[in-house]
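Q: I have a model open and want to go through its packing. Can we take it piece by piece?
A: Go ahead.

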Amino acid sequence: MQKFARLKRELKQFECSPTEGICCYPKSSNFECLIATIVGPSGTPYNGGIFELEIMIPEKYPFEPPLITFKTPVYHPNIDNKGRICMDLLNMPPKGTWKPTICLKTLLDAVQYLLGNPNPDDPLMTDIAEEYKFNRQQFEKTVRKYIEETKNKLS
């Protein structure tokens with residue numbers, strides 16, 4: 001019950017103080033699964049993309065982090081082809097930096113930031129990280145190709 005009340009409060013925070021390019025809503029009335037959309041940050045190759053994420057809320061939330069996965073295909077060194085995200089905030093200590101005080105808004109802000117600012121030194125996809133480091137032009141071209149293919153599928 002505490003988890004349910006906290007999630008309602010956190011979703012209300014999105015309504016009252018939205019982050020540009022991010023929205024989040026429950027997929028079901030039990031709040032175990034949420035859907036978020038993130039608009040690709042301007043000034044990055046992800047600009048113009050709209051990315052859907054699924055957020056699975058664990059039973060022990062907020063004492064365990066939610067599981068966030070990209071449902072929209074994305075070409076990124078820190079996001080694998082199953083949509084899993086390599087980000088410290090999404091993992092429990094000692095490997096990660098999750099704390100019960102972190103809210104969904106903070107997490108999604110961090111995911112949006114990571115989308116536009118890859119961390120090639122801690123990749124899930126080493127080949128993409130190498131391309132990002134050593135052939136940025138090809139990397140950006142492939143990112144735009146992914147975004148265009150996704151847009152075409154939705155049309």
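Q: Is F31 buried or exposed?
A: F31 counts as buried, because its relative accessibility is 9%. Keep in mind that this is a predicted model.

Q: How many aromatic pairs are there in the whole structure?
A: A search of the whole structure finds 7 aromatic pairs. In one of them, the ring centres of F4 and F31 are 4.7 Å apart and the planes stand at 85°, so this pair is edge-to-face.

Q: Where do F4 and F31 sit in the fold?
A: F4 is in helix α1, residues 2-16, and F31 is in the loop between β1 (22-26) and β2 (33-39). The pair therefore ties together parts that are 27 residues apart in sequence.

Q: And how accessible is F4?
A: F4 is partly exposed, at a relative accessible area of 29%.

Q: What about the rings of Y46 and F51?
A: Their centres are 6.2 Å apart with the planes at 65°, so Y46 and F51 also form an edge-to-face pair. Y46 is buried, with a relative accessible area of 1%, and F51 is buried at 2%.

Q: Which residues form an aromatic cluster?
A: Y75, Y132, F139 and Y146 form one. One of these, Y132, has R136 lying over its face, 3.7 Å from the ring centre.

Q: Switching to the core. Which residues have the most contacts inside the largest nonpolar core?
A: L34, I55, F70, I85 and L108. That core has 38 residues.

Q: Which elements give two or more residues to this core?
A: The helices are α1, α2 (104-116), α3 (126-134) and α4 (136-154). The strands are β1, β2, β3 (50-56) and β4 (67-70). The largest share, 7 residues, comes from α2.

Q: What does I85 touch?
A: Leaving out residues up to four places away in sequence, I85 touches L53, I68, F70, N78, I79, L90, V111, L114 and L124.

Q: Back to α2. How many of its residues are buried?
A: 10 of its 13 residues are buried, so α2 is mostly covered. The buried residues are L104, K105, L107, L108, A110, V111, Q112, L114, L115 and G116. What covers them includes α1, β1, β2, β3 and β4.

Q: How does the span of α2 fit its 13 residues?
A: At 1.5 Å a residue, α2 should span 18 Å, and its end C-alpha atoms are 19 Å apart, which agrees.

Q: Now α1. Which of its residues are buried?
A: K3, R6, L7, E10, L11 and F14. These residues cover an arc of only 135° around the axis, which puts them on the same side of α1.

Q: Why would residues at that kind of spacing line up?
A: An α-helix has 3.6 residues a turn, so residues three or four places apart point the same way.

Q: What do the buried residues of α1 pack against, and what is on the other side?
A: They pack against β1, β2 and α2. On the other side of α1, Q2, R9, E15 and C16 are exposed.

Q: Which residues of α4 are buried?
A: F139, T142, V143, I147 and T150 are buried. Seen down the axis of α4, the buried residues fall within an arc of 135°, so they line one face of the helix. What covers them includes β3 and α3. The face turned away from the buried side carries the exposed residues Q137, K141 and N152.

Q: How far is G40 from I22 in space?
A: G40 and I22 are 9.5 Å apart, C-alpha to C-alpha, and 18 residues apart in sequence.

Methods:
Residues are numbered from 1 along each chain as its sequence is written. This is a predicted model: local features need pLDDT of at least 70, side-chain atom pairs count only at pLDDT 80 or more; totals for chains, interfaces and linings use all residues. Side-chain values use heavy atoms; hydrogens and water are left out. Rings of Phe, Tyr and Trp (its six-membered ring) pair if their centres lie within 6.5 Å; planes under 30 degrees apart count as stacked, over 60 as edge-to-face and the rest as tilted. Helices (H or I, at least four residues) and strands (E, at least two) are DSSP runs, numbered from the N terminus. Buried means under 20% relative accessible area, exposed over 50%, partly exposed in between (1.4 Å probe, protein chains only). A charge sits over a ring if NZ of Lys or CZ of Arg is within 6 Å of the ring centre and within 35 degrees of the ring normal. A nonpolar core is a set of buried Ala, Val, Leu, Ile, Met, Phe, Trp, Tyr and Cys residues joined through side-chain atoms within 4.5 Å. Contact means heavy atoms within 4.5 Å. The arc is that of the directions from the helix axis to the C-beta atoms. The expected span of a helix is 1.5 Å times one less than its number of residues.
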